[in-house]
Amino acid sequence: MTPAARIQAAIEILDGIIEAAKANGAPADRLVADWFKNHRFAGSKDKRAIREHVYDAIRACGPIPATGRRAMLGLVEEQPALRELFSGEGYGPPKIGKNEKPAEGGVAPEWLEDRLIASAIGQGEAEALLSRAPLDVRINRLKVEGELADLPEEGEKLALPNALRFTSGTQVSQWEAYETGLIEVQDLGSQIACSAVGALPGDTVIDLCAGAGGKTLSLAAAMGNAGTLIAADTDKRRLSQLGPRAERAGAQVAETVLLDPGKELEALAAWAGTADRVLVDAPCSGTGTWRRNPEARWRLSEAELSRLTQLQARLLDIAAQLVKPGGSVTYITCSLLDEEGAGQVAAFLSDHPDWQAEALDLPLGTARGPGVRLTPSHDGTDGFFIARISKA
């Protein structure tokens, strides 16, 4: 493919991503993969270039653009050398018209930028949300003792002893160490969030929003497979992925529980008032993960954010009924909005005067209300809010 044809391909993919974002359709990575599947003439260099154009264009736009072409014109504002590829020749895009306007830049739609500002996310922090994320892995101590040798590449040691960092795009999933469960892909911020739970061997631990089980596996390693670990979620498809992952990692999960929304306590009745630790990795806006999913800014609405904050409050109430006296609830979101983090936990504590926030001894982060916040700019991690609360 010519460089101009790659630009046109990126425009076509962006059109699909924009429509999917408006209709809550398939995510960008799936649409990119589908395009490659249906256009097998694209070679590996073509695919790499097209993918970079697509995601660079997404990052260049604040509000959702009207078309893929306008999104790409927004990227031209940042990368002027691309302008000459709009020649109209061959399979390339038509020339840029005198009155054509690029998509609006910025960090996010205006209403969302306002929410970030209200949550003390400054310009530098906000711009860092649209940088490229590295690839972090966690050494699985259920299978590895001492140093992990013979990796194809040497990783950068991070703030936690089991965390290593590689450059973005490193094909870790093709390594033998990954296939045999010696390492798991997990952002450093997520690893720190799991460490905040304080899970110990012999504990009864409930991962209330387990999803596909990434944090569940981290908890199993912290417990040394000694204790009772329960993974629960409302998403059957994602929860079904935990079994194979746990087998590969050598992790023992006592039970997986499929939850019926609105009836979670019924499914978890056997463990009510018995858990030492409950992890609430609450569904959220994902503002802290824009480095990996930049089109998520286009999918979020004020109505959806309101729905999420109501769900988070309900999950905190559920978790509080699962812990035994002296137990704790660790609440985390991959969001930098206070209404999903510090404000959410502060509201819970205000409504439950017999609960209190615990001090967290974490290697990174900045105090934020009753918890700690991690950000890409300050900590080099995805954005997280972390708090641990317990009955007084």
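The following conversation goes through several labels applied to a predicted model and asks what each one rests on.

Trainee: What should be kept in mind about the numbering and the model before we start?

Mentor: Residues are numbered from 1 along each chain as its sequence is written, and side-chain values use heavy atoms, with hydrogens and water left out. Since this is a predicted model, local features need pLDDT of at least 70 and side-chain atom pairs count only at pLDDT 80 or more, while totals for chains, interfaces and linings use all residues.

Trainee: How do you know that the span of helix 1 is close to the expected one?

Mentor: Helices here are DSSP runs of H or I with at least four residues, strands are runs of E with at least two, and both are numbered from the N terminus. The expected span of a helix is 1.5 Å times one less than its number of residues. Helix 1, residues 3-22, has 20 residues and reaches 29 Å from its first C-alpha to its last, which is close to the 28 Å expected.

Trainee: Why is N24 called exposed?

Mentor: The relative accessibility of N24 is 64%, so N24 counts as exposed. N24 is found in the loop between helix 1 and helix 2 (28-38), and its phi is positive, near 55°. The C-alpha atoms of N24 and Q123, 99 residues apart along the chain, are separated by 28 Å.

Trainee: Why are helix 8 and helix 9 called oblique to each other?

Mentor: Axes are lines fitted to C-alpha atoms, for helices over the stretch in contact, and angles run from 0 to 180 degrees between N-to-C directions. Angles under 35 degrees count as roughly parallel, over 145 as roughly antiparallel, 65 to 115 as roughly perpendicular and the rest as oblique. Helix 8 (residues 188-197) and helix 9 (residues 214-223) pack at an angle of about 50°, with their axes 10 Å apart, and the two helices are therefore oblique. On the helix 8 side the contact is made by S190, C194 and V197, and on the helix 9 side by K215, S218 and L219, where contact means heavy atoms within 4.5 Å.

Trainee: Why is helix 9 described as largely enclosed by the rest of the structure?

Mentor: The description is given because 8 of the 10 residues of helix 9 are buried, among them K215, S218 and L219. Helix 9 is followed by G224, whose phi is positive, near 60°.

Trainee: Why does P294 count as buried?

Mentor: P294 has 0% relative accessibility, so it counts as buried. Its place is in the loop between strand 8 (275-281) and helix 13 (296-299), and, not counting residues up to four places away in sequence, P294 touches Y55, I58, R59 and L130.

Trainee: Which residues does UniProt list for "binding site", and why does D233 count as buried?

Mentor: The unreviewed UniProt entry places that feature at D233, D260 and D281; its positions are given in the numbering used here, feature names are shortened, and annotations may be inferred rather than shown by experiment. D233 lies in strand 6, and at 10% relative accessibility it counts as buried. Leaving aside neighbours within four places in sequence, the contacts of D233 include L208, C209, A210 and G211.

Trainee: Where is the residue that UniProt lists for "active site"?

Mentor: The unreviewed entry lists C334, which is found in the loop between strand 9 (323-333) and helix 15 (342-351). Beyond its neighbours within four places in sequence, C334 is in contact with residues including C284, T287 and F384.

Conventions:
Buried means under 20% relative accessible area, exposed over 50%, partly exposed in between (1.4 Å probe, protein chains only).
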